[in-house]
Amino acid sequence: MKWVIKQIFDGEYGCEELAVGERPKVSVTLISDDGEEKYITVEDAWLTERGLDEGMEWPE
């Protein structure tokens with residue numbers, strides 16, 4: 001089954017700071033060929049390193 005990135009939401013940390021050594025994370029909404037949606041959280045740097053963006057296929 002193929003999954004595509006529907007939306008990337010970069011979390012707003014507000015007044016909460018990241019823990020020492022913690023890297024910023026984003027929430028990603030994926031949609032499958034048959035319309036099923038799932039939500040995952042990954043490090044923002046991980047997405048950037050792979051050049052992933054909305055509308056692109058999610059690597060399995």
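Which residues does Ser-32 touch, not counting residues up to four places away in sequence? Ser-32 touches Met-1, Lys-2 and Trp-3, where contact means heavy atoms within 4.5 Å. Ser-32 sits in strand β2. Its relative accessible area is 7%, so Ser-32 is buried. Buried means under 20% relative accessible area, exposed means over 50%, and partly exposed lies in between (1.4 Å probe, protein chains only).

The model is predicted: local features need pLDDT of at least 70, side-chain atom pairs count only at pLDDT 80 or more, and totals for chains, interfaces and linings use all residues. Residues are numbered from 1 along each chain as its sequence is written, and side-chain values use heavy atoms, with hydrogens and water left out.

Start with the sheet. Three strands make an open sheet, ordered β1-β2-β3, with antiparallel pairing. Strands here are DSSP runs of E with at least two residues; helices are runs of H or I with at least four; both are numbered from the N terminus. Two strands pair if DSSP finds at least two bridges between them. The edge strands are β1 (3-10) and β3 (37-43), and each pairs on one side only. From one strand to the next, the twist averages 30 degrees.

Now follow the pairing. Seven bridges join β1 to β2. Seven bridges also link β2 (residues 25-32) with β3. Val-26 of β2 is the bridge partner of Asp-10. Val-26 also has a bridge partner in β3, Val-42. For Val-28, the partner in β3 is Ile-40. The hairpin of β2 and β3 has four residues between the strands, and there Gly-35 takes a positive phi near 90 degrees.

Next comes the interior. In soluble globular proteins, nonpolar side chains tend to be buried together. The largest nonpolar core here has nine residues: Trp-3, Ile-5, Val-26, Val-28, Leu-30, Val-42, Leu-47, Leu-52 and Trp-58. Such a core is a set of buried Ala, Val, Leu, Ile, Met, Phe, Trp, Tyr and Cys residues joined through side-chain atoms within 4.5 Å. The elements giving two or more residues to this core are β1 and β2. The largest share, three residues, comes from β2.

Beyond its neighbours within four places in sequence, its contacts include Leu-30, Ser-32, Glu-37, Met-56 and Trp-58. Gly-55 lies 52 residues from Trp-3 in sequence and 9.8 Å away in space, C-alpha to C-alpha. Gly-55 belongs to the segment after α1 (44-50). Gly-55 is exposed, at 58% relative accessible area.

Finally, the charged pairs. The whole structure holds three salt bridges, each a side-chain nitrogen of Lys or Arg within 4 Å of a carboxyl oxygen of Asp or Glu. Glu-37 and Lys-6 form one of them (2.5 Å, N to O). Glu-37 is in β3 and Lys-6 in β1, so this pair ties together parts 31 residues apart in sequence. Glu-37 is partly exposed at 31%, and Lys-6 is partly exposed at 45%. Another salt bridge joins Arg-23 and Glu-43 (3.4 Å, N to O). Arg-23 is in the loop between β1 and β2, Glu-43 is in β3, and 20 residues separate them. Arg-50 and Glu-49 also meet in a salt bridge (3.6 Å, N to O). Arg-50 is partly exposed at 42%, whereas Glu-49 is exposed at 59%.

Technical notes:
Axes are lines fitted to C-alpha atoms, for helices over the stretch in contact, and angles run from 0 to 180 degrees between N-to-C directions.
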